[in-house]
Amino acid sequence: MPEHESHVFDVVVIGAGGAGLRAAIEASAAGARTAIVCKSLLGKAHTVMAEGGVAAALGNVWPEDNWMVHFRDTMRGGKMLNNWRMAQLHAQEAPDRVLELEEWGAVFDRTPDGRILQRDFGGHRYARLAHVGDRTGLELLRTCQQRAVSLGIEVFMECKILHLLKDSSGAVSGAVGFWRESGKPVVFGAKSVVLASGGVGKTWKFTSNSWEGTGDGHALALWAGADMIDMECVQFHPTGMVWPPSARGILVTEGVRGDGGVLRNRDGERFMFNYIPEFYAKETADSIEEADQWYDNKKDFRRPPELLPRDEVARSINSEVKGGRGSPHGGVFLDIASRRTPEYIKRRLPSMYHQFKELADVDITKEPMEIGPTCHYIMGGIRVDADTAATTVPGLYAAGEVAGGMHGANRLGGNSLSDLLVFGRRAGQYAAEHALGMPGDVLVDSGQVQEVMQEALAPFGRETGENPYAVHHELQETMQSLVGIIRTESELLEAKDKLADLDERAAAVGVEGHRQFNPGWHLALDLQSMLAVAHCTTLSAIERKESRGGHTRDDYPASDPELGKVNMVTRLAGTTVTVTPEPLPVMPDELKTLFEEGH
Amino acid sequence: MATSADQTGPEAASTATADVASGASGTPTVTLRLWRGDDTGGSFNDYTVDNLGGEVVLDVVHRVQAEQAPDLAVRWNCKAGKCGSCSAEVNGRPRLMCMTRMSTLDTTQPITVSPLRANPVIRDLVTDVSYNFAVARRIPAFHPGPRDADGTYRMAQVDADRVQEFRKCIECFLCQNVCHVVRDHEENKPHFAGPRFFARLAELEMHPLDTLDRRDLASRELGIGYCNITKCCTEVCPEGIHITDNAIIPMKERVVDARYDPIAWLGRKILRRPAPTPASSTASLSPAGKAHETISTQPRTPAGG
Amino acid sequence: MTVVEQTQGAPRPTPVRIGGARGGPPLSTVLRKDNWRLQPTLTALGLLGFIGYSVWAALRNGDFYAGNVGRDYLSPLYSPCLTHSCTTAGYVWGGWSWWRVSPAWLILAFPGAFRTTCYYYRKAYYRSFWLSPPGCAVPDAGSTGTGRRSRYTGETRFPLLLQNLHRYTWYFAVVFAGILTWDAIASFRFTNGVGVAVGTLLFVVNAIFIWAYTLGCHACRHLCGGNLKRMSEAPVRHWFWKNISSQLNAHHQLFAWCSLFSIIATDLYTYLVASGAIHDPRLF
Ligand code: SF4
Ligand code: SF4
Ligand code: FES
Ligand code: FES
């Protein structure tokens, strides 16, 4: 009777980035029949974009390093909003995960004595990032991919999941999706489902994320009844490329500023001197002369204001642009050309030189770069149990960027790759355990499948409906300008109204053509996920009346110790998203002492 | 302007070419000649859009998609030359669309963008790359020896260097597409792994920790002898990997050691060197030449079901 | 939950579609807009030119040794001197009076085999003579038809299987490079002692190019260290491998052509001097 293709597995992993592959490897090794379902081809996931490295306290370069230091750095960086247990497990298990990669064929850069080399990174006390040049993410992904292939794990490529299926007890029983290639439905029966679908960046206009970052996993979980936490904590990197359009959002490393690059507005003014906050005034230079001397003499002079924390710099860029002093394409200028010799720039920043040359045809040794904040990473996500990665829905697990809690309000560089490995493995392990402990067959409700597909195909019936590209554009504009890096109550409320409006428009979009590989149709479906994310983020942002990490409120510029003790939990009540502050898990006293030693 | 794949006749192309020079507003325009169609046929259709400057081919394709042909199928992910999804042939040359700047092309003429020719077309610019995933399954995985006493592996950077060159591969499969062994002689697909996988074999062979011997496999089952070292793979590799010089030729030389060199053979007999474990392929081959045959068990449905 | 469906079974394997309709632009059209014919044409002309010249030089069977004008120049196409042709200066490597035709034929066989099986020249003639392929993304000659050339077996069958023995031709090539070095040293020898003439410089440059080409050979690179798994444990071989790879092998194509031209130039010069057509100016 069923007209659709169906497959049954013990564990179905949605997403084939680092976390998804690691989960599948673990589940398969535990003896569960495992499948990976991914929206793109295998090996194309956004993990390849990670450059810096995997943070793990291996202690190869600094023997003093250990998991407690890493744990403390992570919690500090996350403004203590992290789930302490996740941060602890992460710091403890990361070294093993890295060594394991090596056993699967990864080739990290080496120390002179042949061990894994580690590099320094912002927020990490010791050189801690295992790396391979500036393509560590690719190495991690390829290694996991090759491992998964050698284990014979089934991979369903270019298949988008539309909905999770649940059985009568409320537990997850599978998922329904369609082949992007043919537009035909496919049903997966599964005893456990692992969500590892990555980020949400495509909801914003300027983003470093690829088209896949549409928050599918967040939305699937939300619709299935799972809790989301801290969706307002989105990391905006202050320096992303804004021009040309081809490169919009691509990161410009902080190293440019560290090596002498300065920010200028349209009039050529080094505007950062106008934005030094009281809090940092003691350690920041207040004259150009002083700032310029710091590069050579870091002891006797104070830091230039260009090197203030990410949120401060992003905020200042934002006000310059809003004040009409921005660059022609809505950013500001990052100028190193007038300050350093071409040889110096090429030697210190080879990849940046190359990136601007290749993508923008800009010679950064001759011209300033145009940059602006870009949406980079979401710290919030699905609420999970720290040890098992289980969500609040039975049988549903989540790992990687889609899961929340690990990074608190702000993520340290290098911690995301280790997050993928540590919690990917845990999700796979416990998903397999759950599945293998469940006797009997998987039951799938055909009625649900029919319903989901019908809804998915609806845009074809609306020939005169709005173009999904237009709605997406509008959504990105809304989120960028109203729920961007700096937020205020009035704008957030305005965004909330606009989103309600966009909901209606998204529900009425029409697509032309056929079902085979039709990007317009795919976007129409992705829009639903992005809107779900947008709602969660906006609501939580309204509720968190303080500034903390990635969440900056103009109307509440300071952080509120009381709000630092709660997660903003968003969940679906009927068809609307609600937000509730709920207390964070409490850190045990022996870990608390780590923060009291005065480091 | 052509907006749907049904408009595949020659008229569709000619109507749009009428004014290439500039649009109504005076901004310069550019014409993309895009392949539309599926495995049963298709044609080039012209789309004229503004030439905004500072763009790459993928941007312009996206603009065509957003403004004129929302159902135009194209694969892409990172738009930064890191994922290897957006492979296509721009003016007949295999390229990453996201790394081909418009300013490097002659925009006074229509720019052709066509799908990778070595693969069956699924739709428009999207092709069926399953051949590559099927080959990937046939390469025996990395197989390290035991760890050192302290639970780690040691390897020197000089040894890592050689391997790391191949691990830069972003699996864009441009090399697999340009290689005439399969591009022009499709019947070789079942017994030819292709340059990307010769690089993978070389990477494993040269890996200081690996213990398997894949030379016989490379020669007997993966068809390294079919390569006539004409270097097109190296020419198109966006990562600048010296596939032919650093992977294929060294592998050919290793295969000579293992199979063809009489002195090396004699030497092995006399010195009784212990041979490394020969690896065997994880999937079997099927005979060549039949239409629509199955090589492996890649779990995907065929295009169009 | 009303309708309950039992799902089961393994996923269908994906066919790798071979031989069916591929779609896309016709296989025989070339979409490249640049002048892709130029490269194979130039290569073919260069190689044909060399072949033509060496046939002429071999048939010449004379004026390959300039001892008659007081210069110890022996053309590289006739070196080592096997027959009695160069006895006038007492410069004889062999005294093969039984060899009747031009000794160049015998000598050319060795460098000929070396260059024919060289990885670079293989690329060059597969592309420009065999048109397989004539250029990247240009179809192989005959591949879109149904004739014999619609199939392709590469180097998997006899006689092309013999390309695998390239390293043996290299062993001989090293000997020949040594001989040409000897000739270059001999070219410093004048009837009244040591000196340098224009011809001397040519012989020296030729010997350098021959070595650069011979040592940059892929077989040599393999023997030096390319066949090792852990080069860090063999520092000397690693040093050789590293330098040969980056200095010589990376420019193998360049040296292949340079040495080709230097051979022609040296032979031609020797011929012109020996035949008395020009005078070889002495520099020191
Ligand atoms: S060098 Fe060999 S593998 Fe590379 S394209 Fe040419 S024939 Fe194919
Ligand atoms: S070797 Fe180069 S061309 Fe081939 S798939 Fe890898 S990156 Fe692409
Ligand atoms: S889109 Fe990733 S390489 Fe072009
Ligand atoms: S001489 Fe060219 S590769 Fe050996």
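This is a predicted model: local features need pLDDT of at least 70, side-chain atom pairs count only at pLDDT 80 or more; totals for chains, interfaces and linings use all residues.

Visitor: What percentage of the residues of chain B count as buried?
Guide: The secondary structure of chain B comes to eleven helices and nine strands, and, of its contacts with a separation of 6 or more, 65% join residues 24 or more positions apart. Chain B exposes about 10,000 Å², with carbon and sulfur atoms supplying 54% of that area. Of the 305 residues of chain B, the share that counts as buried is 66%.

Visitor: Is B:Leu58 buried or exposed?
Guide: B:Leu58 lies in helix 2 of chain B, and, leaving aside residues up to four places away in sequence, it touches B:Val74, B:Trp76, B:Lys79, B:Cys86, B:Met97 and B:Cys98. The C-alpha atom of B:Leu58 is also separated by 8.5 Å from that of B:Leu96, a residue 38 positions apart along the chain. Because the relative accessibility of B:Leu58 is 0%, this residue counts as buried.

Visitor: Which side chain makes a polar contact with the side chain of B:Lys79?
Guide: B:Lys79 is found in the loop between helix 2 (57-67) and strand 3 (87-90) of chain B, and it is one of the residues that B:Leu58 touches. Its relative accessibility is 18%, and since the cut-off for buried is under 20%, B:Lys79 counts as buried. At a distance of 3.1 Å, the side chain that makes the polar contact with B:Lys79 is that of B:Asp59.

Visitor: How much area do chain A and chain B bury between them?
Guide: The size of an interface is often given as the accessible area lost when the parts come together. Here the contact takes 65 residues from chain A and 66 residues from chain B. Carbon and sulfur atoms hold 52% of the buried area, and the total for chain A and chain B is about 5,500 Å².

Visitor: Which helix of chain A gives the most to the side that touches chain B?
Guide: Between chain A and chain B there are six salt bridges, including the one that B:Arg167 forms with A:Glu139, whose closest N and O atoms are 2.5 Å apart. Several elements of chain A each supply at least two residues of the side that touches chain B, among them helix 3 (84-103), helix 4 (136-150) and helix 15 (519-543). With eight residues, the element that gives the most is helix 4 of chain A.

Visitor: How many salt bridges are found across the interface of chain C and chain B?
Guide: In this interface, 63 residues of chain C are in contact with 82 residues of chain B, and the two chains bury about 6,400 Å² between them. The side chains of C:Asp34 and B:Arg93 meet in one salt bridge, at 2.8 Å from N to O. Across the whole interface of chain C and chain B, the number of salt bridges is ten.

Visitor: Which helix of chain C supplies the largest share of the side that touches chain B?
Guide: Across the interface of chain C and chain B there are 45 residue pairs in polar contact, both residues being at pLDDT 80 or more. Helix 3 (119-128), helix 4 (166-186), helix 6 (218-226) and helix 7 (235-248) of chain C each supply at least two residues of the side that touches chain B. The largest share, six residues, comes from helix 6 of chain C.

Terms used: Residues are numbered from 1 along each chain as its sequence is written. Chains are lettered from A and ligands numbered from 1 in the order in which they are written. Side-chain values use heavy atoms; hydrogens and water are left out. Contact means heavy atoms within 4.5 Å. Buried area is the accessible area (1.4 Å probe) that two parts lose on being put together, summed over both. A salt bridge is a side-chain nitrogen of Lys or Arg within 4 Å of a carboxyl oxygen of Asp or Glu. Helices (H or I, at least four residues) and strands (E, at least two) are DSSP runs, numbered from the N terminus. Buried means under 20% relative accessible area, exposed over 50%, partly exposed in between (1.4 Å probe, protein chains only). Accessible areas come from the Shrake-Rupley method with a 1.4 Å probe; for residues, only the protein chains shown count as cover. A polar contact is a pair of N or O atoms within 3.5 Å; within protein, one must be able to donate a hydrogen and the other to accept it, and residues adjacent in sequence count only if both atoms are side-chain atoms.
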